[in-house]
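Reader: Please take a close look at one residue of this model and its surroundings, and give the cut-offs behind each term as you go.

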Amino acid sequence: MTIAEFEQRFQSGLTAMAALSLPEARRSYDRLCAGFAPDLPKGMELGDTRIADVAVRWHRPARSAPGRVVYVHGGSFSLGSLDSHQGIAAGLAEALGHEVLSIDYRLLPEVGYAAALDDCRRVIAAVAPLALVGDSAGARLLLDVIDDPEHAPVLGLIYPLVGQPTGETLGPDAPLLSRDDVLEAWAAIAPDAPTRDALSPPASRIEVLAVSRDPLTVPLERAVSAWRSGGAEVGYHIADDMLHGCLHARESLPEMASAWMTFCQALKRRLDG
């Protein structure tokens, strides 16, 4: 698959969702994202349960070391589910060699951002994970639930929304995610988003995965530089010519597959070190 083919297919799905009710749009988004996912790795086991009264799905690779990793999915805070991002969670479990718990946090607008944060916070407190990994909106949730950066687990951030975005801080528009999309998402969570310095390290050990064509990358790179200056160990990996959302189709996009592999290998070294 070429990046142009991915863009056309994903954008067609997003465009079709615009005419649907929110419940229908969510189901359509789940099918769209899951349609890019590879088959489950051989020997992978998964199941649904509840932890701290929050729905989660566990993904256990055939060879699983002790300790669990918590994963938080993206979807602009109002979309996404255990199904839409199962391919990413399963791939993460296989790459890290640890069981991965994916959180089915409550979505906006039925609840406020504070409720989504509370869901994530309760699962993390109950599990005491080795690492926290999130993509897009999920990565922002992780940034906002960490209260003690010095003692935070290893943190994996995949094209996160960092800080308070403005027209001056964001990078240029890109297919699949525009500057207006980012500002709209920020407006939805701003009333409940914790007030903290985005340039202060959120954890002492961080791995970051970005894509070059994404308005979130410019502020993210600024934050990475500041986190390093603040004493954090930060690995930075970027997929050239890739777009926000390409992680779903990583197995079919060589640049995304390569960046994902280096990101996961770096995370695994931190877990095993």
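Author: Leaving aside neighbours within four places in sequence, Ser136 is in contact with Gly74, Ile158, Tyr159, Pro160, Leu161 and His244, where contact means heavy atoms within 4.5 Å. This is a predicted model, in which local features need pLDDT of at least 70 and side-chain atom pairs count only at pLDDT 80 or more, while totals for chains, interfaces and linings use all residues. Residues are numbered from 1 along each chain as its sequence is written, and side-chain values use heavy atoms, with hydrogens and water left out.

With His244, the side chain of Ser136 also makes a side-chain to side-chain polar contact at 2.8 Å; such a contact is a pair of N or O atoms within 3.5 Å, and within protein one must be able to donate a hydrogen and the other to accept it, residues adjacent in sequence counting only if both atoms are side-chain atoms.

In the chain, Ser136 sits in the loop that joins strand S5 (131–135) to helix H5 (137–145), helices (H or I, at least four residues) and strands (E, at least two) being DSSP runs numbered from the N terminus. Elsewhere, helix H4 (residues 113–127) also has buried residues, among them Asp119, Cys120 and Val123, and H4 is followed by Ala128, whose phi is positive, near 50 degrees. The 15 residues of H4 reach 22 Å from first C-alpha to last, close to the expected 21 Å, which is 1.5 Å times one less than the number of residues.

Terms used: Buried < 20%, exposed > 50% of the residue type's maximum accessible area, 1.4 Å probe, protein only.
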